[in-house]
Amino acid sequence: MCQSPQNRPLIDKAITFYGAGSMAEAIVRGLVSRSVVLPENITMLNRSNAHRLQELSERYGVQINNDDAAKIEILKTSPVIVLAMKPKDAAKALKELGPKLSSDQLIISVIAGLSIYTTQTLLGNQQPIARTMPNTSASIGLGSTGIAFSKEISEEQRQLVLTLFEAVGNVTVIEEEKMDILTGISGSGPAYFYYMMEAMTAAGIRGGLSPEQSRELTLQTILGAARMVQQTGEQPSSLRAKITSPNGSTQAALETLDQGDFFETVIAAVNRCAERSKEMGAMLKEQIS
Ligand SMILES: NC(=O)C1=CN([C@@H]2O[C@H](COP(=O)(O)OP(=O)(O)OC[C@H]3O[C@@H](n4cnc5c(N)ncnc54)[C@H](OP(=O)(O)O)[C@@H]3O)[C@@H](O)[C@H]2O)C=CC1
Ligand SMILES: O=C(O)[C@@H]1CCC=N1
C-alpha cells in the first residue's frame, strides 16, 4: 500500500483519464490497487464505448461519464488530465480540448510520438505538459516510465507526476529527444519478451511437453533470469557465460540464434520502434494547422 503516514492516499487530486483503453487501465489498476489515488478521485472518459466504461467502473470503482456535456465539464475542471487515446485520434481530440482548458491544468500524455511542442500547438496554448512513455506492467506496480517535462510545469505538478508513476514502477526522467529510443526499449519492450515467451512455449510443446508445463517452465525461466540480473548485480553477459559450457547445449542454442543474427535483429527492432515513434510524431505534427 502506497499511502502517506496519515493513511491518506499519496495523491488526493482529481485525475481524469481521457482515453480508457489498455494503457489507461494498466495505470489505473496500478494506482487503485496500491491505494495511490482513491477510485472516487479517478474519472475515466472515452470517445463512445459506454460498455467499456461500465466495465472499468465495476472493476476499479472509478467514476465514468458518457454524456458529452458532462464530459466537457469534467475536462474543464479536472486539475490533471491524462491523454490516453491512440496517436491517430489525438489531433482531433486535442484541438477540441484546448479551448476548454485553463492554464493551471496539468496535461500528462502517454501518446507515443506526440511531442510537447505538437501537444501545445494542437491544444492552442502553452499548457504544462508531462510527456510520458509508460508500459503496461504499471498495472502490477512493475512499470517503467520515461518522462519529459515542458518548461511550464510547476514544481508541485512535477512532483505529482513523479509520485504517480513511481507508485506504479520505475521512472526515468529524460530529455525529450530520447523519448523515441526509450519507447523502443521499455514502452514496447514487454511485447518483445511476450513474443520470446510465445516462441519458447511453442518449442516446448512441439518437443512434447504439455502446454501447461511449457508455459510454466518458460515463465519461471524468464522471471528467474530477470531477478538474477537484478539481485546479483552481475552483467547479463557474465550470467550467460556461467550457463554456456564450451561446446555444450547452450552454446549450440546461442549459435543458432546468431545464425538469425539475434543480437543485431533485436537492435534493429528497437531502432525501428524508435523510428516508427518519430514517424507517428511527424504525422501528428503535420496535423497542426
Ligand atoms: N498499450 C501500450 O502498451 C502502450 C500505449 N501507449 C500509448 O497509449 C495510448 C493508448 O493506447 P492503448 O491504451 O493501447 O489504446 P486503446 O485502443 O486500448 O484505447 C484508446 C482509447 O482512446 C479512446 N479515444 C479515442 N478517441 C478519443 C477521443 N477523441 N476522446 C477521448 N477518448 C478517445 C478510445 O475510446 P473508444 O473506445 O470509445 O473509441 C479508447 O478508450 C496510445 O497513444 C499509445 O501510444 C503508451 C505506452 C504503452
Ligand atoms: O505500439 C504502440 O504504438 C504503443 C507505444 C508503446 C507501446 N505501445
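Author: Here is a conversation about how the terms used for this model follow from its values.

Author: This is a predicted model, in which local features need pLDDT of at least 70 and side-chain atom pairs count only at pLDDT 80 or more, while totals for chains, interfaces and linings use all residues. Residues are numbered from 1 along each chain as its sequence is written, and chains are lettered from A and ligands numbered from 1 in the order in which they are written.

Reader: How do you know what counts as a helix or a strand here, and how many are in the protein?

Author: Both are DSSP runs numbered from the N terminus: a helix is H or I over at least four residues, a strand is E over at least two. Counted that way, the protein has twelve helices and eight strands. Its C-alpha atoms fill a box of roughly 65 × 45 × 35 Å along the principal axes.

Reader: Is methionine 85 buried or exposed, and what makes it so?

Author: The rule counts other C-beta atoms, placed from the backbone, within 10 Å of the residue's own: 20 or more is buried, 12 or fewer is exposed, and in between is partly exposed. Methionine 85 has 22 such atoms, so it is buried. This residue sits in the loop between strand S4 (80-83) and H4. Of the 289 residues of the protein, 33% count as buried.

Reader: What is proline 87 called under that rule, and why?

Author: Proline 87 has 16 other C-beta atoms within 10 Å, so it is partly exposed. Proline 87 lies in helix H4. UniProt, in an unreviewed entry, places a "binding site" at Ala84, Met85, Lys86 and Pro87; such annotations may be inferred rather than shown by experiment.

Reader: Which residues is methionine 85 in contact with, and how do you know?

Author: Two residues are in contact if their C-beta atoms, placed from the backbone, lie within 7 Å. Leaving aside neighbours within four places in sequence, methionine 85 is in contact with Tyr18, Gly19, Ala90, Ala93 and Ile111. Across the protein, among contacts between residues at least 6 apart in sequence, 68% join residues at least 24 apart.

Reader: Why are H4 and H5 called oblique to each other?

Author: Two packed helices are described by the angle between their axes and the distance between the axes. The axes are lines fitted to C-alpha atoms over the stretch in contact, with angles from 0 to 180 degrees between N-to-C directions. Helix H4 (residues 87-97) and helix H5 (residues 116-123) pack at about 50 degrees, with their axes 7 Å apart. Angles under 35 degrees are roughly parallel, over 145 roughly antiparallel, 65 to 115 roughly perpendicular and the rest oblique. H4 and H5 are therefore oblique.

Reader: Which residues meet there, and how do they divide into nonpolar, polar and charged?

Author: Ala91, Leu94, Lys95 and Leu97 in H4 meet Thr119, Leu122 and Leu123 in H5. They divide into five nonpolar, one polar and one charged. Ala, Val, Leu, Ile, Met, Phe, Trp, Tyr, Cys and Pro count as nonpolar, Asp, Glu, Lys and Arg as charged, and the others, Gly among them, as polar.

Reader: What makes a residue part of the shell around ligand 2?

Author: Its C-beta atom, placed from the backbone, must lie within 6 Å of the molecule. For ligand 2, the residues are Ala112, Thr183, Gly187 and Ser188. That shell has one nonpolar, three polar and no charged residues. Around ligand 1 there are 27 residues, of which Gly19, Gly21, Asn46, Asp89 and Ala112 come nearest. H4 gives the most to the shell around ligand 1, with four residues. The shell around ligand 1 divides into 13 nonpolar, nine polar and five charged.
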